[in-house]
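Reader: I have not seen this structure before. Could you take me through it, one question at a time?

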Amino acid sequence: MANLKEIRGRITSISSTMQITSAMKMVSAAKLKKAQDAIVMLRPYSEKLQELIQNVNSSSNPDNISVYAQAREVKRVLFIAITSNRGLAGAFNSSVIKELNHQIALKEGVEVEVLTIGKKAFDAVKKLKEVYANHSAIYDNLTFDAVSSVAYSVMKDFVEGKFDEVYLIYNKFINAATQEVQAEKFLPISMPETEDVGVEKDYIFEPSRAEILDNLIPKSIKTQLFKAVLDSVASEHGARMTAMHKATDNAQALKSELVIYYNKARQAAITNEILEIVSGAEALKNS
């Protein structure tokens, strides 16, 4: 049977681990509320922006296609992989990296580049190939302007023909316990078909429909990337909170087992000592 001192040491160690995981769970729960509010507030804005583009585009000249909607032969593809800078969040980061590898495998015969947002994605990609760009520092001051600058550089590269398609890979926030990995096309954008639009809204355009589209589409693209990053942030905190909750429960169960084992070992040691004393006393009587 294991040494009592060794068992006590393991119980103390597990208790310390429980304190850490429990604290991390509470921190993530507090951060999750703020991150969840941010993504929940942004989604209606993003959807309304898409609706505006749909209605404004419904009567526009079909020959006047935005530069961000022009499809061409696919020779180079850029994947934007969004993870976190830290681990201890269950399968949050690994699921994105797994999906990235899957999507890259599907692009056989096409030149692939990867732009990473998050240190975990950067660490995984750099082991296999050179990273096109890394924007992990964006989490130090996460604002729409910071994400917009990343989106602008990608949009510029697309227009200049450096990439023919761009995809986002990230975790979509469903709730604190559920995150879904998304692999969605970022560029070229899919303009809504005019025949699918219902009754056209009565808009007065100033200065013109084309100029309004030229302003709305870039803003919509930037908002899409910002929404993906906010989704990832909320998913990260939800995943970490869930992972730390499970870790705390597992540690508690292991601690309970060790306490029972310790008590049995201690009882056996005491019994052996009593037997030795009794045996010694009997030996003295008989001597």
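Reader: Is Ser46 buried or exposed?

Author: This is a predicted model, and Ser46 lies in helix H1 (residues 4-57). Its relative accessible area is 11%. The cut-off for a buried residue is under 20%. Ser46 therefore counts as buried.

Reader: Which residues does Ser46 touch, leaving out those up to four places away in sequence?

Author: Ser46 sits in H1. With residues up to four places away in sequence not counted, the residues Ser46 touches are Thr223 and Lys227.

Reader: How many helices and strands does the protein chain have, and in what pattern?

Author: The secondary structure of the protein chain comes to five helices and five strands. Read along the sequence, they follow the pattern α-β-α-β-α-β-α-β-β-α.

Reader: What radius of gyration does the protein chain have, against that of a compact globule?

Author: The C-alpha trace spans about 115 × 40 × 30 Å along its principal axes. A compact globule of 287 residues would have a radius of gyration near 19 Å. The value for this protein chain is 29 Å.

Reader: What share of the residues of the protein chain count as buried?

Author: The protein chain exposes about 16300 Å², and carbon and sulfur atoms supply 54% of that area. Of its 287 residues, the share that count as buried is 38%.

Reader: How many residues of strand E4 are buried?

Author: Strand E4 covers residues 165-175 and is mostly covered. E4 pairs with E1 through five bridges and with E5 through nine. Of the 11 residues of E4, the number buried is eight.

Reader: Which residues stand opposite Ile169?

Author: Ile169 is in E4, where Ala81 stands opposite it. In E5, the residue opposite Ile169 is Ala183. The two names are Ala81 and Ala183.

Reader: How many residues lie between E4 and E5 in their hairpin?

Author: E4 and E5 pair in the antiparallel sense, and Tyr167 stands opposite Lys185 in E5. The two strands form a hairpin, and the number of residues between them is two.

Reader: What do the buried residues of helix H4 pack against?

Author: Helix H4 (residues 144-159) has 16 residues that should span 22 Å at 1.5 Å a residue, and its end C-alpha atoms are 22 Å apart, which agrees. Among its buried residues are Val147, Val150, Val154 and Phe158. The buried residues of H4 pack against E1, E2, E4, E5 and H5.

Reader: Where is the cis peptide bond that involves Pro188?

Author: Most residues other than glycine have a negative phi, and most peptide bonds are trans. Pro188 lies in the loop between E5 and H5. The cis bond, with omega about -5°, joins Leu187 and Pro188.

Reader: What is the phi of Leu88?

Author: Leu88 is in the loop between E1 and helix H2 (92-106). At 58% relative accessibility, Leu88 counts as exposed. Its phi is positive, in a residue other than glycine, and is near 55°.

Reader: How far apart are the C-alpha atoms of Ala247 and Gly87?

Author: Ala247 is in helix H5 and counts as partly exposed, at 27% relative accessibility. Ala247 and Gly87 are 160 residues apart along the chain. Their C-alpha atoms are separated by 14 Å.

Key
Residues numbered from 1 in each chain as written. Predicted model: local features only at pLDDT ≥ 70, side-chain atom pairs only at ≥ 80, totals over all residues. Heavy atoms only, no water. Buried < 20%, exposed > 50% of the residue type's maximum accessible area, 1.4 Å probe, protein only. Helix = DSSP H or I, 4+ residues; strand = E, 2+ residues; numbered from the N terminus. Pairing = 2+ DSSP bridges. Expected span 1.5 Å × (residues − 1). Contact = heavy atoms within 4.5 Å. Rg over C-alpha atoms; globule rule 2.2 N^0.38 Å. Areas by Shrake-Rupley, 256 points an atom, 1.4 Å probe, with all protein chains shown as cover.
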